[in-house]
Each structure stands twice: as structure tokens, then as C-alpha cells.
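Here is a short briefing on one protein model. Look over the sequence and the fold, then read the points below.

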Amino acid sequence: MAVKITARPNGPYIVEGDIDLYDPTGAKVDTGGRPAVALCRCGGSVAKPFCDGTHSKIGFKGAEAAVAQSKK
Ligand code: FES
């Protein structure tokens with residue numbers, strides 16, 4: 001299955017599919033074999049890289065639309 005990433009309105013990125021997730025040190029993060037994970041997009045989670053719901057408490061406002069990257 002291809003990996004699917006969806007930005008939830010004012011919330012996390014939902015990542016679906018078979019992924020390997022690593023922290024900044026290169027250590028593999030246990031995703032518990034879940035078919036989908038919610039990754040924090042607001043920066044407020046205390047369970048990073050996972051969303052813990054803090055985005056709703058801090059009033060995070062995410063972009064409403066994706067902006068295409070230009071090739072450099
Ligand atoms: S997106 Fe949910 S805690 Fe950051």
C-alpha cells in the first residue's frame with residue numbers, strides 16, 4: 001500500500017500505510033503496528049512526534065490549502 005498523508009483541519013498529519021518512523025537521533029520510533037498514526041503538526045504535543053490533542057487546546061490554525069513547491 002502506498003503511504004497516504006492527510007493534513008487534518010487545524011490538527012495533525014494522518015499517515016496511513018507501512019512506514020518506518022525515526023527520531024532526530026536516527027532511532028526507530030515504535031508505531032505499535034498501527035495502520036495509521038497521527039503526527040503533530042502544531043508543535044505543542046508532549047508526545048512528539050505523535051499528536052496528543054494539544055492542538056485543540058492551544059487553538060492551532062493550520063493552513064487551509066497546500067501550496068505547491070517550486071523546483072529549484
Ligand atoms: S497536531 Fe495535535 S498536538 Fe500537535
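**Briefing**

The structure holds 1 salt bridge, meaning a side-chain nitrogen of Lys or Arg within 4 Å of a carboxyl oxygen of Asp or Glu. This is a predicted model: local features need pLDDT of at least 70, side-chain atom pairs count only at pLDDT 80 or more, and totals for chains, interfaces and linings use all residues. Residues are numbered from 1 along each chain as its sequence is written, and side-chain values use heavy atoms, without hydrogens and water.

**Salt bridge**
- K28 and D20 pair through their side chains, at 3.2 Å from N to O.
- K28 is exposed, at 55% relative accessibility (exposed is over 50%, buried under 20%, partly exposed in between; 1.4 Å probe, protein chains only).

- T54 belongs to helix 1, residues 54-58 (helices are DSSP runs of H or I, at least four residues; strands are runs of E, at least two; both are numbered from the N terminus).
- T54 is buried, with a relative accessible area of 15%.
- Beyond its neighbours within four places in sequence, T54 is in contact with G44 and S45 (heavy atoms within 4.5 Å).
- C40 sits in the loop between strand 5 (36-39) and helix 1.
- Setting aside neighbours within four places in sequence, C40 has contacts with S45, P49, F50 and C51.
- C40 and K57 are 17 residues apart along the chain, and 13 Å separates their C-alpha atoms.

**Start of the chain**
- V3 is in the segment before strand 1 (4-7).
- V3 is partly exposed, at 44% relative accessibility.
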